[in-house]
Amino acid sequence: MLPGAATYHFPWEINSTSVPEGKTLRTYGRLHSYDMAISQAILTAQHASDQHCIPVCTKFVEPFQAQLGSWYIVLGETEFKEGELIIKARVFTCVEGINLHLFEKAIEEQRKYFQERRKYHEGSIC
């Protein structure tokens, strides 16, 4: 059986308390740094006055052309390594030029749709 589809999480929603280990998720951020020697990238995103950092294991998506400062979308599984949450990337795509406001709005609309669909299915008798 295939795993469930990954849901989008905003970068500020990802921390060691809200996302369980082994969860498949999608998120995004600006590529802040990339260390090829240890196969790790750091994505960052600004929300309100806070800067959020997301470590990403890139072992399964290498080699790739790292473009520091560009926006990336990552699809992968969460893992705790030395008490820190890290995303093990299965897909790591540069999306430079993305309209971030529209992208975040699309994520919110998708969430609303899935909530409505879940409510509908819970209320129906099948």
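This is a predicted model: local features need pLDDT of at least 70, side-chain atom pairs count only at pLDDT 80 or more; totals for chains, interfaces and linings use all residues.
In which sense do strand 5 and strand 6 pair, and over how many bridges? Select strand 5 (residues 71-81) and strand 6 (residues 84-94): they pair in the antiparallel sense over ten bridges. Strands here are DSSP runs (E, at least two residues), helices are runs of H or I with at least four, and both are numbered from the N terminus; two strands pair if DSSP finds at least two bridges between them.

Residues are numbered from 1 along each chain as its sequence is written, and side-chain values use heavy atoms, with hydrogens and water left out. The protein averages a pLDDT of 88.

Next, select the turn of the hairpin that strand 5 and strand 6 form; glutamate 82 there has a positive phi of about 55°.

Move to glutamate 77, whose bridge partner in strand 6 is lysine 88. The side chain of glutamate 77 also meets that of arginine 90 in a salt bridge (2.8 Å, N to O), a term for a side-chain nitrogen of Lys or Arg within 4 Å of a carboxyl oxygen of Asp or Glu. Lysine 88 forms a salt bridge with glutamate 79, at 3.5 Å between the closest N and O atoms.

Then show strand 2 (residues 24-35), which pairs with strand 5 in the antiparallel sense over seven bridges. Tyrosine 28 has isoleucine 73 as its bridge partner in strand 5.

Finally, select glutamate 13 and arginine 111, whose side chains meet in a salt bridge (2.6 Å, N to O). Glutamate 13 lies in the loop between strand 1 and strand 2 and arginine 111 in helix 1 (residues 100-123), so the pair ties together parts 98 residues apart in sequence.

Key:
pLDDT is the predictor's confidence in each residue, from 0 to 100.
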